[in-house]
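Please work through the exercises below with the sequence and the model open beside you. Try each task on your own before you read its solution.

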There are 2 protein chains.
Amino acid sequence: MKKHNFSAGPCILPQEVLVKASEALINFDGLDLSLIEISHRSPNFVAVIEKARHLVLELLNLEGKGYQVLFLQGGASSQFLLSAYNLMKDQNGKAAYLNTGTWSSKAIKEAKLFGELAEVASSKDKNFNYIPKDYIIPSDVDYFHTTSNNTIYGTQMHSFPEFNGINVCDMSSDIFSRSLDFSKFDLIYAGAQKNMGPAGTTLVVVKESILGNTGRTIPSMLDYQVHIAKDSMFNTPPVFAVYTSMLTLEWLKDLGGIKAIEKINNQKAQLLYQEIDRNPLFTGVSATEDRSKMNATFTLNNESHSDLFDTIWEEAGINGLNGHRSVGGYRASMYNALTIESVEVLVNCMQELERKA
Amino acid sequence: MKKHNFSAGPCILPQEVLVKASEALINFDGLDLSLIEISHRSPNFVAVIEKARHLVLELLNLEGKGYQVLFLQGGASSQFLLSAYNLMKDQNGKAAYLNTGTWSSKAIKEAKLFGELAEVASSKDKNFNYIPKDYIIPSDVDYFHTTSNNTIYGTQMHSFPEFNGINVCDMSSDIFSRSLDFSKFDLIYAGAQKNMGPAGTTLVVVKESILGNTGRTIPSMLDYQVHIAKDSMFNTPPVFAVYTSMLTLEWLKDLGGIKAIEKINNQKAQLLYQEIDRNPLFTGVSATEDRSKMNATFTLNNESHSDLFDTIWEEAGINGLNGHRSVGGYRASMYNALTIESVEVLVNCMQELERKA
């Protein structure tokens, strides 16, 4: 029996994607060769990466708007560095960051090596359980950086401030999950391992016109323009991760794209948060208006129920429900590939606890 | 029918590795979850990366000698940067490089951003078809860098100069293929996609005592010490690539380790070079004494035979035999997983051409 996989990432992927990827490892494209045994410059793989690139632009509604799509390595953690390296001016560089959690904090730490940083607001005072609002972004910064969804705390930015400069967003944990006007962002990056594919590749979507303006000498592997010039093939790309991402993007398109998945994601989140609010044994962790539709964090009001609850959900075939160590309690990650049936199973477990506790 | 895969990389992997990896994508470790859907911090995956790390030290005979093993992202191309960043002194940094081809040249280019470079010798004068000898390595450099095997030109360093300082080697295309005293190197790096696994992870084997001595502030993702402190889990590792590398290392150990595969690799290389030298229609590209046992480069003496030869080997089920664009002709890559039977098929094709041409 397949598990109900609520893991925070790496996380659930569509079963048909897993089956196709598994088959391609034995015989890819009818070549009598494995996907991972062929040259990345073979027409078969070039077609894969091209298709993935086009699917990204199509799904994000960014076609013909001056954006380039890259599939790099090194995770979003590398992008903390690359975004600053490629965008912060060499002379008097300055950037603004909104601090909404661990990942924002890490992004801030890396960017500080390149210039002056303005942390416009932080929700650290309440262990990042809300999204700060009503802050001022200095007008003279080279860019403004946000983190759209915070997996650990279960918060999500449901709106973004209007900033009339370069907007950078780490969308690792909610890209392709909801409709946004993506053209309001100049640089979007996302580790693949939530809604796009397996760990091992990182999506970068960048407006080409913002690049090349810092006056810095950038090492080749850290330079977006180098990767753009080589169509993400400056060095050997992570073939398997790119292929599996392409399959996942294709699955999403076939499903009806972001609008269709957003509807399902809203239903899943509503179902679970409704139960968290209704069930007297549980309390949600994050501020109601900032709740993430990807990661719902909640705790038991009475810690003594935890053994019983853990037994109930484990027996129901649920996996990956434990909260992050810095928050505790539970975290239900409801990424695109998680079905509403899995959320129903979780809700049933919560109700079973209510009856039995 | 499975192809005879002579691709230069990504390249052939053992069939049993492909089968196991394919199965793990559907159900890993009996968890009823895919390998790429579980947390990288789950005990099941932690066991994988631990095992891979130990296999590397065991196979290279480096256990208990102060080395750390990392599985990073970004290919050897990233290591061109990281090796210089982590080893070249901030004040008056200086390093020596032996230039034996495209990859050495790229390594040199990146390192120049960090200090003064001494190119001790280069074989560029003859399109890198030999390995320079009899050069002097300045004694005051922070490290000396070599490239052990040059895939494009088909050359290999069969001996290394004695240098009484820090020795760095890019072994991307011949690691795990031959016996060496690996303890003579302080930093070894290798993109996985030849003898270790699929594209998407890079092996770094580093003597811990050489780190932390530059006086530089290094961004987290570029700092070997950061990755060591987190057991290659500073950020989400490329789970699939690490797992498949572990399987390949396990396959090699079961086969008898490097000594056993070296014997087979010697047989394969001897068989092919013997035919290149014997067959009047072909000529080897690289200097005889520097011939690579991984990549044999050769050309037709009469270009007019190329259509017929291409037809013969393609019909025999051979794949990936075309030479790199900067050398032309043919390149037969004979990595660990290629069987001697595949080399016999190629030799037969060369003899068939001799009969038919």
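The exercises that follow treat a predicted model, and each task is followed by a solution in steps.

**Exercise 1. Find how chain B is related to chain A by a turn and a shift along the axis.**

Step 1. In general, two copies of a chain are related by a rotation about an axis and a shift along it.
Step 2. The surface used for contact is the same in both copies, since 100% of the contact residues of chain B recur in chain A.
Step 3. To find the axis in the model, look for B:Ser22, whose C-alpha, at 2.3 Å, comes closest to it among the residues of chain B.

**Exercise 2. Describe the contact between chain B and chain A by its residues and its buried area.**

Step 1. Chain B gives 55 residues to the contact, and chain A gives 55 residues as well.
Step 2. The area buried between the two chains is about 4300 Å², and carbon and sulfur atoms give 59% of it. On the side of chain B, the residues that lose the most area to chain A are B:Pro10, B:Ile36 and B:Glu37, which together make up 15% of what that side buries.
Step 3. B:Glu37 also takes part in a salt bridge, in which its side chain meets that of A:Lys2 at 3.0 Å, N to O. Across the interface the rule finds two salt bridges, and it also finds 19 residue pairs in polar contact.
Step 4. The elements that give two or more residues to the side of chain B that touches chain A are helix H1 (15–24), helix H3 (75–87), helix H4 (102–111) and H6.

**Exercise 3. Decide whether B:Met246 is buried or exposed, and find which residues it touches.**

Step 1. Begin with helix H6 of chain B, which covers residues 239–255 and contains B:Met246.
Step 2. Buried means under 20% relative accessible area. B:Met246 has 6% relative accessibility, and therefore counts as buried.
Step 3. Leaving aside residues up to four places away in sequence, B:Met246 touches B:Val48, B:Lys51, B:Ala52 and B:Leu55.
Step 4. One of these, B:Leu55, is 191 residues apart from B:Met246 in sequence, yet their C-alpha atoms are 7.7 Å apart in space.

Conventions
Residues numbered from 1 in each chain as written. Chains lettered and ligands numbered in written order. Predicted model: local features only at pLDDT ≥ 70, side-chain atom pairs only at ≥ 80, totals over all residues. Heavy atoms only, no water. Least-squares fit on C-alpha atoms with pLDDT ≥ 70 in both. Contact = heavy atoms within 4.5 Å. Helix = DSSP H or I, 4+ residues; strand = E, 2+ residues; numbered from the N terminus. Buried < 20%, exposed > 50% of the residue type's maximum accessible area, 1.4 Å probe, protein only. Buried area = accessible area lost by both parts, 1.4 Å probe. Salt bridge = Lys/Arg side-chain N within 4 Å of Asp/Glu carboxyl O. Polar contact = N/O pair within 3.5 Å; in protein donor to acceptor, adjacent residues only side chain to side chain.
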